[in-house]
Amino acid sequence: MDANSLEYKQGVWKFLEEIEPGRVYTIARLAKKENREAFVAAVKEYMDSLPWQGHITFNHDYSKIYKMTPI
């Protein structure tokens, strides 16, 4: 699957909707090295499309993501 395709982005978004709040996910384990930029871009686009960024956040160097529990 091409990392720039709509199908790839939809797969990333589906993953983000299903992740457990409070669990930390390492980008290197989720995306192949050559797809990491596209993965991070898809996550950012997802975050931009929702209020409170969908409760998703990155760590300081974009190597990990996690979902916060809505209050």
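Me: What makes K67 a buried residue with no salt bridge?
Reply: This is a predicted model, in which local features need pLDDT of at least 70, side-chain atom pairs count only at pLDDT 80 or more, and totals for chains, interfaces and linings use all residues. K67 is buried, meaning under 20% relative accessible area (1.4 Å probe, protein chains only; exposed is over 50%, partly exposed in between). Lys and Arg count as positive, Asp and Glu as negative; His and the chain ends are not counted. A salt bridge needs a side-chain nitrogen of Lys or Arg within 4 Å of a carboxyl oxygen of Asp or Glu. The nearest side chain of opposite charge to K67 is E17, 7.9 Å away, so there is no salt bridge.

Me: Which residues is K67 in contact with, leaving aside neighbours within four places in sequence?
Reply: Among them are L16, E17, R23 and H55. Contact means heavy atoms within 4.5 Å. Residues are numbered from 1 along each chain as its sequence is written, and side-chain values use heavy atoms, with hydrogens and water left out.

Me: Why is Y8 called buried?
Reply: Its relative accessible area is 12%. The limit is under 20%, so Y8 is buried.

Me: What makes up the largest nonpolar core?
Reply: It has 17 residues. Such a core is a set of buried Ala, Val, Leu, Ile, Met, Phe, Trp, Tyr and Cys residues joined through side-chain atoms within 4.5 Å. V12, L16 and V43 are among those with the most contacts inside it. α3 gives the most to this core, with seven residues.

Me: Which residues does V43 contact, leaving aside neighbours within four places in sequence?
Reply: V43 is in contact with V12, L16, I56, F58 and I65.

Notes
Helices (H or I, at least four residues) and strands (E, at least two) are DSSP runs, numbered from the N terminus.
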